[in-house]
Amino acid sequence: MNVRAVAAKVIFQVVDQGQSLTAVLPKAQQQVAPRDGALLQEICYGVLRWLPRLEAIAQTLMDKPLKGKQRVFHHLILVGLYQLNYMRVPAHAAVGETVDATKPLKKPQLRGLVNAVLRNYQRDQDALNEKAVSHDAGRYGHPGWLLKLLQEAYPENWQQVVDNNHQKAPMWLRVNRQHNSRDDYLQRLTDAGIEGEAHPEATDAIRLVSPCDVTKLPGFDEGWVSVQDAAAQLSVDYLQPEAGELILDCCAAPGGKTCHILEHQPDARVVAIDADENRLTRVKENLERLNLSAEVICGDAREPDVWWQGEKFDRILLDAPCSATGVIRRHPDIKWLRRADDIEQLVTLQAEIFDAMWQKLKPGGTLVYATCSITPQENAQQVTAFLNRHQDVSLLTGDALQPGRQILPGQDDMDGFYYAVLQKHA
C-alpha cells in the first residue's frame, strides 16, 4: 500500500483517536513493503515531533479545515509538508506520492486539494515556515502545558531538554553477562561489521553508532543481547541484587529489568508483577528468549495482599507508572496523548503503590523507586512526600534538598529517567 496513505492513517489514529503510536505503527508496517517500513516510521515520528508547526502551515494554506471522514486527508497533507520540509525525498516525489495516496484512501476527488496545498507551500516555503514558528508551540514542538512545566522545572536548560526531545534516539544494547562480557561482545560486533561504543556508567550497555535489525546482532536469538536504553539498565546497578534474595520487580512489563536482574544474579528468586495481562505476555516472551525463570503475576500493585501471601521481599524495584516524559524522543506521541491533569492523577497512583510496596519490604531491605519521567512532581517531590510519610526509611541517593537522581534526555545519550534508592530501617 502507498506509504503516505498508511502514514496518514497512523497519524489520524494517534492524533484524532488518541491511540498509542507503539500500538498502531507495528500493525501499519505490515501493510507496506518491508523496504518501506523505515520510511513509514520516519514520516510518522517526524510529523508527531513537529505537529504544531505543520498544523500552522496547513491552516494558513487551507480555506477551511477538513472534518469528519475527510480528516485523514488533513493528516495526509501534514505528511506531505513534513517530507518537503525535513526529508531528503526529492520534492517532485514527495508531492507526487502524497497526491497519489488519495486513491488508496478512497477520495481521489481530493487529489486537487492536496496537490494545491503542497505546491503553494513550495512556492512560499520560507515565509510560511517563519510564520509557523512565530508562536511557542510551533517553535518548540511541545504543547503549552508541557513547555511551561519544563520551563519551571529546568529554568536554565529547558531549551536543551526540548531540543533533545526532537532528536532520534540511539539504539542501546544490554549485553547478557551470562554469555559474554561487554568487551567480548563489542569485539563480536566489530567482527560482524557493526560499530558500537561502551557506556561510561551502565556496565552492560553498548550504543550502536547506527541502528540495525536485531536479527543482525550476534547471538540475539540465543539471548546474548537485548535492546534496552542505558538509563533503564542503571536500575540493576542501584538495586544490587544478591544470590538467594527474594526480589520483586513491580510494574514489570515488558520485562527488560526483570531479565536484567536475573542476568546479573541468576540465583535470585525474582517475582514480576504487572496489572496488564496483555503486557505480561511480553515479560514471559523475554524470559523465554533469554532462558530465564521468574514468577510472573498479574495484579494491582496497590493491593499486594490480593496476589502475594509469601514472605516479604529483600529488594523491590518499583518502576512506577508515569507520564513517560523522559522518553519523548522515542515516543513523540506522548506529547499529544498526555494532558496536564494526567500528572496529578499519576502522582496519586504512584504514592499509593509506593506505600503498598513499602509494607512488603523486609526490615533492612532496599527499594529502588524509578520512573521514565522528568517531572519533579513524579520524582523528587514524590520521594520527598514519601520520606515525610514514613519514619523507618533512609535515603541512599541524593539528599533532602535533591532526593534521588534525575537523568535528563540526551545525558550521555540516555533517555530521561529518575532513580531514588531507599533503605528500610532494620
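The structure holds 24 salt bridges, and it is a predicted model, so please read what follows with that in mind.

- Arg269 and Glu311 form a salt bridge, with their closest N and O atoms 3.1 Å apart.
- Because Arg269 sits in strand β6 and Glu311 in the loop between α16 (304-307) and β8, this pair ties together parts that are 42 residues apart in sequence.
- Arg269 counts as partly exposed, at 39% relative accessibility.
- Glu311 also has a relative accessibility of 39% and counts as partly exposed.
- Another salt bridge brings together the side chains of Asp300 and Arg302, at 2.9 Å from N to O.
- Asp300 is partly exposed at 26% relative accessibility, and Arg302 is partly exposed with a relative accessible area of 39%.

- Asp415 and Arg330 form a salt bridge in which the closest N and O atoms are 2.8 Å apart.
- Asp415 belongs to the loop between β11 (405-407) and β12 (417-424), while Arg330 belongs to the loop between β8 and α17 (334-337), so their contact ties together parts that are 85 residues apart in sequence.
- With a relative accessible area of 5%, Asp415 is buried; Arg330, at 22% relative accessibility, counts as partly exposed.
- Both residues belong to one network of salt bridges that share partners, which joins Glu197, Arg207, Asp229, Arg329, Arg330, Asp413 and Asp415.

- Strand β5 covers residues 246-250 and is mostly covered, with five of its five residues buried.
- β5 pairs with strand β6 (residues 269-274) in the parallel sense, over five bridges.
- Within that pairing, Leu248 stands opposite Val271 in β6.
- To get from β5 to β6, the chain passes through helix α14 (residues 256-264), and this β-α-β crossover is right-handed.
- β5 also pairs in the parallel sense with strand β8 (residues 313-319), over four bridges.
- Here the bridge partner of Asp249 is Leu317 in β8.

**The second largest pocket**

- The second largest pocket has a volume of about 250 Å³.
- Its lining is made up of 14 residues, and Pro376, Ala380, Gln402, Pro403 and Gln406 are the ones that lie nearest the centre of the pocket.
- The elements that give two or more residues to this lining are α19 (380-389) and β11.
- Helix α19 provides the largest share of the lining, with three residues.
- By residue type, the lining of this pocket divides into seven nonpolar, six polar and one charged.

Note on methods
Residues are numbered from 1 along each chain as its sequence is written. This is a predicted model: local features need pLDDT of at least 70, side-chain atom pairs count only at pLDDT 80 or more; totals for chains, interfaces and linings use all residues. Side-chain values use heavy atoms; hydrogens and water are left out. Buried means under 20% relative accessible area, exposed over 50%, partly exposed in between (1.4 Å probe, protein chains only). Two strands pair if DSSP finds at least two bridges between them. A crossover is right-handed if, with the strands pointing away from the viewer, the path from the first strand over the helix to the second runs clockwise. A salt bridge is a side-chain nitrogen of Lys or Arg within 4 Å of a carboxyl oxygen of Asp or Glu. On a 1 Å grid over the protein atoms alone, a cavity is a set of points where a 1.4 Å probe fits but cannot get out, and a pocket is an open set with protein on both sides within 12 Å along at least five of seven lines; lining residues have an atom within 4 Å of a point. Grid points are joined across faces, edges and corners, and a volume is the space filled by probe spheres set on the points. Ala, Val, Leu, Ile, Met, Phe, Trp, Tyr, Cys and Pro count as nonpolar, Asp, Glu, Lys and Arg as charged, and the others, Gly among them, as polar.
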